[in-house]
Amino acid sequence: MKKFYMCSALLFMLAGCQESEMPEDKEVNSAVPESMDASIVIKGKLEPGKEVILETTVKQGSQLVNEADEVMFEVRKSGQDKRTMLESKSTGSGKYQVMHTFDEQGKYIVVSHVTAKGLHVMPAKEVVVPEHESEGASAHPSTDVSIEFQSNPVKAGSSSNFEANVELDGKPLTNADVNFEVWKEGSEESHFTKAEEDGNGTYQNKVSFEESGTYKVQVHVEKDEVHEHQLQTIQVN
């Protein structure tokens, strides 16, 4: 009889331990992250030898992801095994960009490898690069975008006012998306500063420099089908 009571008590204690552990397990397993989504856009005119922007926008649920662990672009010509891997940079608003030149005509596969918040997605896009158009062969009139860049004398430890005057076919280009991309010569890291429009196609903002040296400034201009950029070299004393 004593053995029966002892076994019953032991079973009761084991059952109590199992019940106390179940809520903790359930709480851990219920934390399922929202799915992540990424889309690819090619900005600029696709033609051999012309530089364009590869861009992907990353979202988790309804939230834009601005601090992804890594966003790489894979470019491969259809039917070939050779791949080019390009590291992109964040430009804000969940967007990641890199410049790329398609050297020859043909069909390409562009894959964006996005790693963020413990998740990984790989959206793909097919890109067709046509032959060079001969002069007068296009049914669409050509556009002429001009970018005039100006800056104040730049000193290390201070900021300089960058200004870009942008015209399209001789007229001020308004309501465009203009960014200043800046990197020190020899460095692979760059940062973007969004320019604010002051009216009549004039865009400006202040950019800070911590160190002296030679810097590159790429002015990016985007609006509808227009994508142009201009590279400048400045000296920071």
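Biologist: Is Asp-169 buried, partly exposed or exposed?

Modeller: This is a predicted model, and in it Asp-169 is partly exposed, with a relative accessible area of 45%. Asp-169 sits in the loop between strand 12 and strand 13 (171–172).

Biologist: What is the phi of Asp-169?

Modeller: The general idea first. Most residues other than glycine have a negative phi. Asp-169 is not a glycine, yet its phi is positive, at about 55°.

Biologist: Which loop holds Ser-93, and what is the phi of Ser-93?

Modeller: Ser-93 belongs to the loop between strand 6 (89–92) and strand 7 (95–101). The phi of Ser-93 is positive, near 55°, and Ser-93 is a residue other than glycine. Ser-93 is partly exposed, its relative accessible area being 48%.

Biologist: How many bridges join strand 4 to strand 5?

Modeller: On strands in general, the side chains of a regular strand alternate between the two faces of the sheet. Here, strand 4 (residues 70–77) and strand 5 (residues 83–87) run antiparallel and are joined by 5 bridges.

Biologist: How many residues lie between strand 4 and strand 5?

Modeller: The two strands form a hairpin with 5 residues between them, and Gly-79 in the turn has a positive phi of about 90°.

Biologist: Which strand gives the most to the lining of the second largest pocket?

Modeller: Empty space is found by rolling a probe the size of a water molecule over the atoms. The second largest pocket has a volume of about 260 Å³. Strand 4 gives the most to its lining, with 3 residues. Strand 4 and strand 7 each supply at least two lining residues. The lining includes Val-75, Arg-76 and Lys-77, and also His-100, Thr-101 and Tyr-108.

Biologist: Which side chain of opposite charge is nearest to Glu-163, and how far away is it?

Modeller: A salt bridge needs a side-chain nitrogen of Lys or Arg within 4 Å of a carboxyl oxygen of Asp or Glu. For Glu-163, the nearest side chain of opposite charge is Lys-206, 10 Å away. Glu-163 is buried and has no salt bridge.

Biologist: Where is Glu-163, and which residues does Glu-163 touch?

Modeller: Glu-163 is in strand 12 (residues 158–168). Leaving aside residues up to four places away in sequence, Glu-163 touches Glu-148, Phe-149, Gln-150, Phe-180, Thr-202, Tyr-203 and Gln-204.

Technical notes:
Residues are numbered from 1 along each chain as its sequence is written. This is a predicted model: local features need pLDDT of at least 70, side-chain atom pairs count only at pLDDT 80 or more; totals for chains, interfaces and linings use all residues. Side-chain values use heavy atoms; hydrogens and water are left out. Helices (H or I, at least four residues) and strands (E, at least two) are DSSP runs, numbered from the N terminus. Buried means under 20% relative accessible area, exposed over 50%, partly exposed in between (1.4 Å probe, protein chains only). Lys and Arg count as positive and Asp and Glu as negative; His and the chain ends are not counted. Contact means heavy atoms within 4.5 Å. Two strands pair if DSSP finds at least two bridges between them. On a 1 Å grid over the protein atoms alone, a cavity is a set of points where a 1.4 Å probe fits but cannot get out, and a pocket is an open set with protein on both sides within 12 Å along at least five of seven lines; lining residues have an atom within 4 Å of a point. Grid points are joined across faces, edges and corners, and a volume is the space filled by probe spheres set on the points.
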